[in-house]
Amino acid sequence: MKKILTIVLTFCAFIAAMACGSNDPEVDGTTGATEQTGGEGEGTAKGKMLVIYFSRADENWQVGYVERGNTAVMVDYIKELADVDVFEIVPEVAYPAAYDECIAYVTEEINENRRPAYKNEITNINDYETVFIGGPIWWARPPMLFRTFFEAHPELADKTIIPFGTHGGSGVSSYTELIKEYYPNATVLESLGIAGASIRNESSRQTVENWLKRLGVDKQSTAIRNVRSRTADNGVTYSPNGMRVNGQHGIQIRNGKKYIHTR
Ligand SMILES: Cc1cc2nc3c(=O)[nH]c(=O)nc-3n(C[C@H](O)[C@H](O)[C@H](O)COP(=O)(O)O)c2cc1C
């Protein structure tokens, strides 16, 4: 009951924001909100990391026509700041480019409880320990596409999952809720939601960086996890993405331990 009430309230907040128009400073105040504590909060990322996301380009709330969707821009920051692999969920049938048409289409999709198909598939989720999952908020919840994806991927059940996404004021706690609904045994860490309208600002990139740091994720530490540490590799130097390199700079294995070598 509480969950339904929350969804209704966030839905109403979004409707109210839409009614105000994009130049209204009050709306800017709402949509500029960054939500950093949507997950269980405690804990850090472990092992190899994968980002799974969906994002829609074209016309959107408060940003007009964009070539790269808002969540895709957030994924670009994560890729730049951490050593992650990325899988994009691409719908088989593209969503309408015009915002109003998309709203109508998605309303129908939700009302009919559809499971839209996606084009590509990922078969090696078991290679990863930590999975970031994110996208936009559509009518106060993740797009139905995520239900299709989750139903096809029971192997996410025991992963460490980090929800993220962009929104127009509703926040992204509904990602955490949906993930817990499908994978009650997963470890869900602190989520991050950023207003789509401000995702291209430098401050949003900084917000992503701070969040990743709290999760124990940065380029160096993720790269170092990807480098093997075997005694047989004694003295071998690796690049930050785990490739063997000649020279002094990089990650070195010495007596089975990893060191950052800068001289
Ligand atoms: C069909 C549709 C429904 C939306 N519903 C909501 C909503 O309920 N709450 C909200 O905060 N934002 C809503 N938005 C705004 C998007 O969540 C926001 O623009 C997001 O940044 C889009 O991300 P993307 O470009 O990665 O798809 C909606 C946008 C669309 C297209």
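# Reading a predicted model, feature by feature

Visitor: Which helix holds R205?

Guide: R205 is part of helix 7. Helices (H or I, at least four residues) and strands (E, at least two) are DSSP runs, numbered from the N terminus. This is a predicted model: local features need pLDDT of at least 70, side-chain atom pairs count only at pLDDT 80 or more, and totals for chains, interfaces and linings use all residues. Residues are numbered from 1 along each chain as its sequence is written.

Visitor: Is R205 buried, exposed or partly exposed?

Guide: Count neighbours. A residue is buried if 20 or more other C-beta atoms lie within 10 Å of its own, exposed if 12 or fewer, and partly exposed in between; C-beta atoms are placed from the backbone. R205 has 18 C-beta neighbours inside 10 Å, so R205 counts as partly exposed. R205 and M74 are 131 residues apart along the chain, yet their C-alpha atoms are separated by 7.7 Å.

Visitor: How many helices and strands does the protein have?

Guide: There are eight helices and 13 strands. Of the 263 residues in the protein, 35% are buried.

Visitor: What share of the contacts joins residues at least 24 apart?

Guide: Two residues are in contact if their C-beta atoms, placed from the backbone, lie within 7 Å. Take the contacts between residues at least 6 apart in sequence: 74% of them join residues at least 24 apart.

Visitor: Which residues have the most contacts inside the largest nonpolar core?

Guide: In soluble globular proteins, nonpolar side chains tend to be buried together. A nonpolar core is a set of buried Ala, Val, Leu, Ile, Met, Phe, Trp, Tyr and Cys residues joined through C-beta atoms within 7 Å. Here the largest one has 45 residues, and V51, I52, M74, I78, V131, F132 and I161 have the most contacts inside it. Elements that each supply at least two residues of this core include strand 2 (49–53), helix 3, strand 9 (192–195) and helix 7 (202–214). Now pick V131. Not counting residues up to four places away in sequence, V131 touches L50, I52, L156, K159 and I161.

Visitor: Which residues of helix 5 are buried?

Guide: Helix 5 covers residues 145–152, and L145, F146 and F149 are buried there. Seen down the helix axis, these buried residues fall within an arc of 95 degrees, so they line one face of helix 5. That arc is taken from the directions from the helix axis to the C-beta atoms. The buried residues of helix 5 pack against strand 6 (130–136) and helix 6 (173–182). A152 is in helix 5 too. With 14 other C-beta atoms within 10 Å, A152 is partly exposed. From A152 to E121 is 9.6 Å, C-alpha to C-alpha, and 31 residues in sequence.

Visitor: What covers the buried residues of helix 6?

Guide: The buried residues there are S173, S174, Y175, T176 and I179. Their cover includes strand 6, strand 7 and strand 8 (187–188).

Visitor: Which residues are closest to the ligand?

Guide: A residue is near a molecule or strand if its C-beta atom, placed from the backbone, lies within 6 Å of it. The ligand is surrounded by 25 residues, with G69, T71, P136, G168 and G196 the closest. Helix 4 gives the most to this shell, four residues. Helix 1 (2–20), helix 3 (70–81) and strand 7 (160–167) each supply at least two. By type, the shell has 13 nonpolar residues, eleven polar and one charged. Ala, Val, Leu, Ile, Met, Phe, Trp, Tyr, Cys and Pro count as nonpolar, Asp, Glu, Lys and Arg as charged, and the others, Gly among them, as polar.

Visitor: How far does helix 4 reach from its first C-alpha to its last?

Guide: The expected span of a helix is 1.5 Å times one less than its number of residues. Helix 4 (residues 99–111) has 13 residues and reaches 18 Å, close to the 18 Å expected. N113 follows helix 4, with a positive phi near 50 degrees.

Visitor: Where do D58 and Q62 lie?

Guide: Most residues other than glycine have a negative phi. D58 has a positive phi, near 75 degrees, and lies in strand 3 (residues 58–60). Q62 also has a positive phi, about 70 degrees. Q62 sits in the loop between strand 3 and strand 4 (64–66).

Visitor: What is V90 in contact with?

Guide: V90 is in the loop between strand 5 (85–88) and helix 4. V90 is exposed, with 12 other C-beta atoms within 10 Å. Leaving aside neighbours within four places in sequence, V90 is in contact with Y118, K119 and N120.
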